[in-house]
Amino acid sequence: MAQQHEHLQVDCVIKLGGSAITCKEQFEKINLEAINAAVNHIDRAKKNCVIIHGAGSFGHFQAKKYNIASGFKDTDSSQQRIGFSQTRLSVTKLNHIIVAALVEKGVPAVSISPCGLWKTTERSITSTFLQPITDLLTAGFIPVMHGDAVIDTSLGCTILSGDTIIKALAKNLFPKRVIFLTDTDGIYDRPPQNDDAKLLRYISVTKDGRIADEIKTSQLVHDVTGGIQIKIASATDIVSKFNIPVHIVKIGSAAAWNILNKGELEETDIATSVILARPEVEK
């Protein structure tokens, strides 16, 4: 499947972090300042890209309440179907807000939802339908996807996170880079709110997916997508399997402007880059 998309020149896949564009602990509350900053980044960059955004405070609460990530249960499947619908209603509401902000700025953004197009089995992606994405890119549009509730052939349903979608897009579209726009300056060796937290400027990944740095993480109780653990795992897979660099930068920062506009970070930029380790480092 991957080979048929090699002719596409995709500059980057951009992930808008749910914790950045929403107030994640407040039900369905957006962070308008962060959304506007992200839209300005994308507008000025003028790149051929795909955007995926997290759900943040949209969808997570409903998915947690109805246990959508675990699949349908025989005892309460009818209620879970309502929960599935409510989860999708919430995440698509945020998607509409993001796409509307992009279009208002003059960015030709078009929404694409994974539900009905992508399937999983035991929470692993088994079916992707990329044609709408490649068609839109070829026609000069910017597809905007999101984490979603999807059909799972084994569990009945589950949650497909934006970070998992990014990994599939990297495999098939071969972007020059993957960029995470977040609410922190990058990845720290422990939760960034800790006084002794240290920013990791570079994370070297070996070809077999190992990283040298010890990273301690935290996760909100209602986050059904795995939080920072999934982000690190996705970044590691993208680098080790496809040799595509991954950059984690803060929305509105100089690092975000540089990586989106110039395609590279400056030495003074505060950010995290996940890169493939040199052979001598792997030994």
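## Cysteines

C115 is partly exposed, with a relative accessible area of 23%; here buried means under 20% relative accessible area, exposed over 50%, and partly exposed in between, with a 1.4 Å probe and protein chains only. The model is predicted, so local features need pLDDT of at least 70 and side-chain atom pairs count only at pLDDT 80 or more, whereas totals for chains, interfaces and linings use all residues. Residues are numbered from 1 along each chain as its sequence is written, and side-chain values use heavy atoms, with hydrogens and water left out.

A search of the whole structure finds 0 disulfides, a disulfide being a pair of cysteine sulfur atoms within 2.5 Å. C115 takes part in no disulfide, and the nearest cysteine sulfur, that of C157, is 9.8 Å away. Seen from C157, the closest cysteine sulfur is that of C115, and the separation of 9.8 Å is too far for a bond. C157 is buried, at 0% relative accessible area.

## Salt bridges

The structure holds 8 salt bridges, where a salt bridge is a side-chain nitrogen of Lys or Arg within 4 Å of a carboxyl oxygen of Asp or Glu. One of them joins the side chains of D11 and K176, at 3.4 Å from N to O. This pair links distant parts of the chain: D11 belongs to the segment before β1 (12-16), and K176 to the loop between α6 (162-173) and β9 (177-182), 165 residues apart. Helices (H or I, at least four residues) and strands (E, at least two) are DSSP runs, numbered from the N terminus. D11 counts as buried at 16% relative accessibility, while K176 counts as partly exposed at 46%.

A salt bridge also forms between the side chains of D148 and R88, at 2.9 Å from N to O. D148 lies in strand β7 (residues 148-152) and R88 in helix α4 (residues 77-105), so the pair ties together parts that are 60 residues apart in sequence. D148 counts as buried, at 2% relative accessibility. The side chains of K167 and D237 meet in a salt bridge as well, at 2.9 Å from N to O. This pair links helix α6, which holds K167, with helix α7, which holds D237, across 70 residues. K167 is partly exposed, with a relative accessible area of 26%, and D237 is buried, with a value of 18%.

## Two buried strand residues

I14 is found in strand β1 and counts as buried, at 1% relative accessibility. Not counting residues up to four places away in sequence, I14 touches I42, C49, V50, I51, I52, I179, L181 and L260; contact means heavy atoms within 4.5 Å. The C-alpha atoms of I14 and T128 are separated by 19 Å, and these residues are 114 residues apart along the chain.

T120 lies in strand β4 (residues 119-121) and is buried, with a relative accessible area of 0%. Leaving aside neighbours within four places in sequence, T120 is in contact with I125, T126, V150, I151, D152, T153, T158 and L160.

## Positive phi angles

N67 has a phi near 55 degrees, a positive value in a residue other than glycine. N67 is placed in the loop between α3 (60-66) and α4 and counts as partly exposed, at 36% relative accessibility.

E122 likewise has a positive phi, near 50 degrees, in a residue other than glycine. The loop between β4 and β5 (124-127) holds E122, which is partly exposed, with a relative accessible area of 46%.

Rolling a probe the size of a water molecule over the atoms shows where empty space is left. The structure holds 1 cavity of 30 Å³ or more. On a 1 Å grid over the protein atoms alone, a cavity is a set of points where a 1.4 Å probe fits but cannot get out, and lining residues have an atom within 4 Å of a point. The largest cavity contains about 40 Å³ of space, a volume being the space filled by probe spheres set on the points, which are joined across faces, edges and corners.

The lining of the largest cavity is formed by I187, I203, I211, I232, A235, T236 and V274. Helix α7 (residues 227-242) supplies the largest share of this lining, 3 residues. By class, the lining has 6 nonpolar, 1 polar and no charged residues. Ala, Val, Leu, Ile, Met, Phe, Trp, Tyr, Cys and Pro count as nonpolar, Asp, Glu, Lys and Arg as charged, and the others, Gly among them, as polar.

Conventions: On a 1 Å grid over the protein atoms alone, a cavity is a set of points where a 1.4 Å probe fits but cannot get out, and a pocket is an open set with protein on both sides within 12 Å along at least five of seven lines; lining residues have an atom within 4 Å of a point.
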